[in-house]
Amino acid sequence: MEIQQIFLVTMRWLHILATAAWIGGCIFFFAVLRPALRGSSEESLLNRLAGNEFRQLVDMAIWVLLVTGTILSIDRLTSGHSTSTYGIVFLFKLSFAIWMFYLVWFRNRSGNRKVIDTSNMKKGIISKLAAMLSATNLIMALGILVLLLSEFLGYIFEASIMR
């Protein structure tokens, strides 16, 4: 195995690790932590503390994803095996990833952030929709979509090599 191949395998591994930490953490928050804390007298405090710690992990994951993603994208796009379909799917993936970065770095940190408190709202369609469209939930959904597009890109790339 050549140095270049070892380098690219390392970049892919770091990219996957950062993705797993960020999106896996989002899923953990959504599916485990929130339900476990719901109704607790310390719910707000514990959510805030866990969120602050998780934000540090997400910041590091984003930087790793930006660096490794750039390297991996250049490698794939200049390989001679990238088709126009690959390019289109890649642009969708990149757009969704940029949207996620925006939600984390700019929207969630701005002083103008609006927090939707659904605890006192009736559990109607509007309150459920507002809760579903929160930045945290949107980041998780976009992350899952980006993972799906990544798998699709791998399939497209491998199929083009086999031709």
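Modeller: What follows covers confidence, then charge pairing, then one histidine.

Modeller: This is a predicted model, where local features need pLDDT of at least 70, side-chain atom pairs count only at pLDDT 80 or more, and totals for chains, interfaces and linings use all residues. Residues are numbered from 1 along each chain as its sequence is written, and side-chain values use heavy atoms, with hydrogens and water left out.

Biologist: What does the chain average in pLDDT?

Modeller: The average is 87, and 87% of the residues score at least 70; pLDDT is the predictor's confidence in each residue, from 0 to 100.

Biologist: Where is confidence lowest, and where highest?

Modeller: Helix H4 (residues 125-132) is lowest at a mean of 71, and H1 is highest at 94. Helices here are DSSP runs of H or I, at least four residues, numbered from the N terminus. Residues 111-116 have pLDDT below 50. Where pLDDT is low, the predicted coordinates should not be read in detail.

Biologist: Switching topic, how many salt bridges are there?

Modeller: One, with a side-chain nitrogen of Lys or Arg within 4 Å of a carboxyl oxygen of Asp or Glu as the criterion. Asp75 pairs with Arg12, their closest N and O atoms being 3.7 Å apart. Asp75 is in helix H2 (residues 43-77) and Arg12 in helix H1, so the pair ties together parts 63 residues apart in sequence.

Biologist: And His15, buried or exposed?

Modeller: His15 is buried, at 18% relative accessible area; buried means under 20%, exposed over 50%, partly exposed in between (1.4 Å probe, protein chains only).

Methods. Helices (H or I, at least four residues) and strands (E, at least two) are DSSP runs, numbered from the N terminus. Contact means heavy atoms within 4.5 Å.
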